[in-house]
Amino acid sequence: MAFKSEELAKAYWRDNISLVLKLLAVWFIVSYGFGIILVDWLNQFTFFGFKLGFWFAQQGSIITFVILIFVYVKRMAALDNKYEVHEE
Amino acid sequence: MDIQTLTFIIVGATFALYIAIAIWSRAGSTSDFYVASGGVHPVMNGMATAADWMSAASFISMAGIIAFAGYDGSVYLMGWTGGYVLLALCLAPYLRKFGKFTVPDFIGDRYYSQTARTIAVICAILISFTYIAGQMRGVGVVFSRFLEVDIATGVFIGAVIVFFYTVLGGMKGITYTQVAQYCVLAFAYLVPAIFISFQMTGHFLPQTGFGATIAEGVAGEGTYLLDRLDGLSAELGLAAYTEGMRSKIDVFAITCALMVGTAGLPHVIVRFFTVPKVSDARLSAGWALVFISVVYLTAPSIAGFAKVNLINTVNGPDLQGVEYEAAPEWIKNWEKTGLIGWEDKNEDGKMFYSGDDRNEMTVDRDIMVLANPEIADLPAWVVALVAAGGVAAALSTSAGLLLVISTSVSHDLLKRTLTPNITDKQELMWARVAAAVAIALSTWFGINPPGFVAQVVAFAFGLAAASFFPAIILGIFHKRMNSTGAIAGMLVGIVFTLAYIIYFKFVNPAGNIPENWLFGISPEGIGTVGMVLNFVVSYAVHKMTGDAPQDTQDLVESIRYPRGAGGATH
């Protein structure tokens, strides 16, 4: 057991799950939300010559995915340090 | 120098480079891909993963499909990148902490069951085989064009080269070879895109050129490129480029199957088992996606430019058709492969491409990326470079997949399960037999393809989504999940998905229309339904059969934090 107590282990896992769920919410909204479900409505707006919904489906979602992973890397490193379960 | 000679030189030079790196890095250190403490930097590992990941489907086929499907092609763009988010957040760090080499190893140990392990091995073979069947077509397209032979001969030549590449072996395993392959592939993809973007819109960046206005001197000057495409599509009776034709639910299902499948593909997951630390597993996934995005953010631009150029070349700037006698060289070259066809229906001697009955052209989607530099009249060395990129993409992935198939059969299935008494020599022989059988079968599929390269590859993702993804996710996030539940779920998921694909692609291909599909979901997207079934069945069976034993639950607890991750063990 790397944690000092059962409570800390639970708290770490809870924080981890909550971070992952938040990031996956963004992941879902940008791709399935903007790129698919709301695409027709968003297409009425123009963004640098692109219809906005089309841009999210072919460019914006991919850029967001990259950012999401790096946010996750940074936040998880902070979480590991906080609960002292980072690798030596 | 003509294109064919240049192609031989450039493809030959890149091969020499890969072999040189393989020899050099072997002499320098023995730490190849499978050594977990090898200390490959996450940036390098990310680049190698990107090369491993991007196959003929990404390089040769994807932009061509987008060029013809427009918005509908977005499923590939979002699907094949969004999966990395799932991989980084939900799988990679935990599987790394678990410390095994392959997906069947994880499934077998987590579900404390030899049966679960065997089913996982069979799923891995099925998935890899479907994937490689798509690759062989891609290799064939490249070789048929540059040797100026028909497509069947091209596939056959490609298959022979892939076989020797794999049997001589060793190359796949070395990270730095893959780094070189990534560089060749990305360079070959970007150079023509930048050239064409500048030519057509005056923008150096294809990503912004794609949304810009058409430059002076090009047909349709002053209008936005995408508006021009929509306008042309309407005039020619095609679906609007930025809107597409597939139903929303189908686009949703295909995107989901591709994303989830990415996170369940055995040869991708393996890369994250073997980085030195858990934190590196997270970071490697991020860098892999950065390098993949370089190609994926360029693909839709290439698609848009290629489509406009194709219409301009075939129909002429005035959309009246172009005299076949005056057709550019590339049309005649591709005709030799049988992948472009012209039938003068109205006997006016002119070519015409459209979406209605005026159409006189058949254009295979898989040639668009390779033909693109020729269509845009770029220098011959760029055309040759793209061929080298296509070969690198197809060969690196095929070789890796063949290794998965042959080791799964000889080691996981025969040695560890069915016939534990075979000698090492027999094991090696079976590995070669498995590779040869896989190549022979996929050559057949390459000559008689059930779809375009990227579509066939999409089936592999559907199968991965329906089998592995739920078993792995439940294995990590639901510690009480037991072996009976996981086995039942995997079986139902893969059998359902495979049956649906086989039915619509081979048993009743004429019935493969939206009206007959379950919930309006095409065979490309059915893996999503298979995945949901897998989750539901696993959960229900688990409820009826009780929790996993305590030591398994403790094991799951221990993979949930990074501290104490050791090297991977077999």
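## The annotated spans of chain A

Residues 54-73 of chain A are 100% helix and 0% strand, with end C-alpha atoms 29 Å apart; helices here are DSSP runs of H or I with at least four residues, strands are runs of E with at least two, and both are numbered from the N terminus. This is a predicted model, in which local features need pLDDT of at least 70 and side-chain atom pairs count only at pLDDT 80 or more, while totals for chains, interfaces and linings use all residues. Residues are numbered from 1 along each chain as its sequence is written, and chains are lettered from A, with ligands numbered from 1, in the order in which they are written.

An unreviewed UniProt entry places the feature "transmembrane region" at residues 20-42 and 54-73 of chain A. UniProt positions follow the numbering used here, feature names are shortened, and annotations may be inferred rather than shown by experiment.

## Chain A as a whole

Chain A has three helices and two strands, in the order α-α-β-β-α from the N terminus on. Its radius of gyration is 18 Å, well over the 12 Å that the globule rule gives for 88 residues, so chain A is more spread out than a compact globule. The radius is taken over C-alpha atoms, and the rule is 2.2 Å times the number of residues to the power 0.38. Along the principal axes, the C-alpha atoms of chain A fill a box of roughly 55 × 20 × 15 Å.

Of the 88 residues of chain A, 34% count as buried, meaning that 20 or more other C-beta atoms, placed from the backbone, lie within 10 Å of the residue's own.

## Where chain B meets chain A

Now for the partner: 41 residues of chain B are in contact with 35 residues of chain A, a contact being two C-beta atoms, placed from the backbone, within 7 Å. On the side of chain B that touches chain A, helices H4 (74-98), H9 (206-209), H11 (248-262) and H13 (278-296) of chain B each supply at least two residues.

## Helix H17 of chain B

Helix H17 of chain B (residues 380-418) has 39 residues. H17(B) is largely enclosed by the rest of the structure, because 30 of its 39 residues are buried.

Definitions and conventions:
Buried ≥ 20, exposed ≤ 12 C-beta atoms within 10 Å, placed from the backbone. Expected span 1.5 Å × (residues − 1).
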